[in-house]
Amino acid sequence: MKLQFDPNLDFQQEAISAVSDLFEGQEVCRTNFTVAPLRAMDGMFEGMDENELGIGNRLRLLDEDIHDNVQSIQLRNGLAPSETFDSLDFTVEMETGTGKTYVYLRSIFEMNRMYGFTKFVVVVPSVAIKEGVYKSMQMTEDHFKGLYDNTRFDYFVYDSQKLGQVRSFATSDCIQVMVINIDAFRRSFKDPAKEDKANIIHRPHDRMTGNRPIEFIQSTNPIVIIDEPQSVDTTDKSRQAIASLNPLCTLRYSATHVDKHHMVYKLDSVDAYQRKLVKQIEVAGIEVQDSHNKAYIKLMDVDNRKSPIRAKIEMDVIQKSGSVARKTKWVRSGDDLLELSGGRSVYDGYIIEDIYCEEGNEYISFTSKPEIIRLNQVVGQVDEDEYKRLQIRKTIEEHLDKELQLRPQGIKVLSLFFIDRVANYRWYDEDGLPQQGKYARMFEEEYRRAIGKPKYNILFEGLDLETATENVHDGYFAADRKGKWVDTPDTDRSRNSKKAEGAYNLIMKDKEKLLSFDSQLKFIFSHSALKEGWDNPNVFQICTLNETKSTLKKRQEIGRGLRIAVNQDGERVHGFNVNRLTVMANESYEDFARQLQKEIEEDEGIRFGVVEKHLFANMPVPAEDDGTRYFGMEASENVWTHLKDKGYIDPKGKVQDVLRTDLKTGEVDLPEEAQEHAQQIMVVLRKVAGNLNIKNADDREKVKLNKSVFLGEEFKTLWERIKYRTTFRVDFDPEKLIEKCAGEISKNLVAGRARFITRKAKLDVDRGGVETESVLESAAVYEARDYDIPDVIGYLQNETNLTRRTLVEIIRRSDRLEDFKNNPQKYIEQVAEIIKRQMRLLIVDGIKYEKLGDEYYYAQELFEENELYGHLSRNMIESEKSVYDHVVYDSDVEAQFARSFELNEEVKVYTKLPEWFKIDTPLGGYNPDWAVLLEVNGRERLYFVVESKGSMFSDVLRPAEQAKIDCGRKHFKALDNEVEFKVANNYDAFYQQAEK
């Protein structure tokens, strides 16, 4: 098959025009020059024949003319204008997968057509990109000949063994394109004694009549195109090497520029996504649930800036609910992880001994455990190979599901696995015979398992499934002289080696073959060094199987599969319904999205949620002559200033929530001169502002005391009745406890096996940031038994203080001991929590409260000492009868109560009881909702503490909730201060109880 190229894509034409229009006003100018006379001028080209001719680029425009062109181009493309003009260095930014190579190759033909330029040098950073560019030129050759009336052109990859091509480059009168790796001309020399240290291109050569090959290139004044400049001209030597080519100008093309010289076109990752020019990304993150049978510890950071030295670790901790969750904690020498975990026995003996902070050698060690945990390392994790197997399984499933959808449309689906060690895919025995590595074995096992499912039968009709499994995957790796695959370290030097060139050559030559249904190969395993320079439009799944956490940047990882897919006719098939790239990540999708946004901000300079001064400059608006014009830079800056003055953005342009709120209502305050373009401006602002479903975090207010109520006699009287503290004593029946616990364990214990949870989400990229949506989940059981079996009764005895005999009886009667085998640690932790909860509930039945002495109470002054905050737009109601000027509520029920207290005249004073007002109970502290003083019939004063619940029925409330309410009722009864305790779901229900 042969890839087809659409010459009419608007975004590509915009990028091509941005470059070709730089030289508007230049006449078509081809200058013949004699090589030999140049020798007489400066000593170059010594010994060349005087009648040899060459063709070079010549520029007739003045710098100020080009500067005007640059600013005009920047205005129409919505870019910040170049205020100064100090060099002919221009930048084109295009997201990976949008055809930047096609764009700069076609720009060559446009500049030749418009201005007669013929000499072009494409500088690349690596073998991979060199091979990719050369392959692109081969694929587009017929396409460009058709577009440009068979214009003659030659292209070649610089080879120091074929210097005749350099002479032809200089002397030919047709378009000449030379592709050269920066490493081929970066090493120059000034000392003739060190001549052999330089690249051949810088050495005098007999075949070049004693001249240096670089001199032929210099003489042509070439237009230099730098592909991926962030990897090319990042050092002084590289920049000197580029300058040594004597370029007419330099054009830099990349998705991630470091130095942005005179930006003339920008199609960043956000634009590409919103215009559907790349695939939509979805991330499947794999997490482990309920695998807490070993001590999990990860060292995340060390800090010796203050004394004592501390370390940040991640570990499993028991929550108040009794469940176990992974939390981060700062620890110091001597800290006991058993205590920090909430008493999880698997951490017994893990006491921090040493925290070592030397950069590059950070670690923590323990007093009585052998483990030494280095930075970013983990102990107690599930078997890594189980992770990898599941990644492979899910990738295969995604692949086959997409085949079912896309094969009828003539689209072949490919999946790409990145690995960091060739031996994991293929290794060689003592006789040099190839053997399958663990990933190859895992793949074939999981592939056979998947294709056995009936839903995939249609994909394999008439095929031998065994043969299909063998031929469906293969590897692309560097090879040694004997043809054995070898690792390619991820360094510039190794990625530019001859060994690596073989691997890139192979995969590039197979690029079109892989797209055809005639090839059985669908799953590609290759080295992680293939992170740039190679991609394929029909890669729909990318899975990174590094043994350690992937060091690939997210943007590099997804870049291999962003291109729009093609069908069997080589035509692009557009739309997100087809173009979805699934990344199988070994982290949560939230973490992936967070890191991706961070990389986009760092690599592209995108400031999510920021309004730039030039944001509205290229907005087309009606002109007086019934045409259109651009809004303009000055008008754009005026709108920006107005937005800042109104508080819509901060001085750095960061969008504030007040702008999001007004955008949601469509009532943005704009300057008078921009009113007629208000709708267009708001469309632009919505793209930058991001998610409009906001929670206003900037209206946080400190609540003030209402002094007239706080110091009034009515509140003092109310507080005097409720302020005193109590203690309690309990008694319970052991037999009843055994029955209750056994029944609860039998009915409610959930101790299933540990599971891998795959959570998948689509990423939505806009100017507000990288958001996740449409989460799907699937589970897979983790079968490993790589942990020690804990002492069930011993653990429960420590947790509950019950006798072994009582505990054995509870376990026996529950008839759930078999569940212990599924997940021992989860079993004993849940059983312990159930027993403790039942103990607390049983205790409540026989609890008795007694008032402590008169000196034990909550002082009224605590209202002044403890600050209270709320959010005006979310949880505050203005108040005249309460202790505070606003009531801060926690639910809609509480909000209704507060409004009713304010409206009903029988309520004289009330307060939402603050969090520090606690009643001790066996189930923990209990904080009732309200203290209220009523005046009934204008005479009788009644004092109440009210618990506001959505339901008044005790059987609807959770047992722990109801038990605390029962304790509260007994507490106030013990105070004997004419205070009644009521539970109600609204004010009317409360008042009816009060009247009784």
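This is a chat about a predicted model of a protein chain.

Biologist: Hi! I'm new to this one. How many helices and strands are there in the protein chain?

Modeller: Welcome! The protein chain has 31 helices and 40 strands. Keep in mind that the model is predicted.

Biologist: And what share of the residues count as buried?

Modeller: The chain has 996 residues, and 54% of them count as buried. There is also a figure for contacts along the chain: taking contacts between residues at least 6 apart in sequence, 71% join residues at least 24 apart.

Biologist: Nice. Can we zoom in on a pair of helices? At what angle do the axes of α4 and α5 cross?

Modeller: Roughly 45°. Helix α4 covers residues 100-115, helix α5 covers residues 127-147, and their axes come within 10 Å.

Biologist: Why are they called oblique?

Modeller: Angles under 35 degrees count as roughly parallel and 65 to 115 as roughly perpendicular. The crossing is at roughly 45°, so α4 and α5 are oblique to each other.

Biologist: Is that crossing left-handed or right-handed?

Modeller: The crossing of α4 and α5 is right-handed. On the α4 side, the contact is made by T101, Y102, Y104, L105, R106 and F109. On the α5 side, V133, S136, M137, T140, H143, F144 and L147 take part.

Biologist: What classes of residue are in that contact?

Modeller: Eight nonpolar, four polar and one charged.

Biologist: Changing topic: where does E24 sit?

Modeller: E24 is in the loop between α1 (10-20) and β1 (30-34).

Biologist: Buried or exposed?

Modeller: E24 counts as exposed, because its relative accessibility is 51% and the cut-off for exposed is over 50%.

Biologist: Which residues does E24 touch, leaving aside its neighbours within four places in sequence?

Modeller: E24 is in contact with L61, N69 and Y115. Y115 belongs to the stretch 100-115, which is helix α4. Also, E24 and V70 are 46 residues apart in sequence, and their C-alpha atoms are 10.0 Å apart in space.

Biologist: Let's go to a strand. Where is T250?

Modeller: T250 lies in strand β8, residues 249-254. At 3% relative accessibility, T250 counts as buried.

Biologist: Which side chain does the side chain of T250 make a polar contact with?

Modeller: That of D89, at 2.4 Å. Leaving aside neighbours within four places in sequence, T250 is in contact with L88, D89, F90, V224 and I242.

Biologist: Which residues other than glycine have a positive phi?

Modeller: Among them are N221, with phi near 50°, and D815, with phi of about 60°.

Biologist: Where are they?

Modeller: D815 is in the loop between α25 (804-814) and α26 (819-822).

Biologist: And N221, is that one buried or exposed?

Modeller: N221 counts as buried, because its relative accessibility is 16% and buried means under 20%.

Biologist: What about D815, buried or exposed?

Modeller: D815 is exposed, with a relative accessible area of 67%.

Biologist: Thanks, that gives me places to look!

Notes: Residues are numbered from 1 along each chain as its sequence is written. This is a predicted model: local features need pLDDT of at least 70, side-chain atom pairs count only at pLDDT 80 or more; totals for chains, interfaces and linings use all residues. Side-chain values use heavy atoms; hydrogens and water are left out. Axes are lines fitted to C-alpha atoms, for helices over the stretch in contact, and angles run from 0 to 180 degrees between N-to-C directions. Helices (H or I, at least four residues) and strands (E, at least two) are DSSP runs, numbered from the N terminus. Angles under 35 degrees count as roughly parallel, over 145 as roughly antiparallel, 65 to 115 as roughly perpendicular and the rest as oblique. A crossing is left-handed if the near helix is turned anticlockwise from the far one by less than a right angle, and right-handed if clockwise. Contact means heavy atoms within 4.5 Å. Ala, Val, Leu, Ile, Met, Phe, Trp, Tyr, Cys and Pro count as nonpolar, Asp, Glu, Lys and Arg as charged, and the others, Gly among them, as polar. Buried means under 20% relative accessible area, exposed over 50%, partly exposed in between (1.4 Å probe, protein chains only). A polar contact is a pair of N or O atoms within 3.5 Å; within protein, one must be able to donate a hydrogen and the other to accept it, and residues adjacent in sequence count only if both atoms are side-chain atoms.
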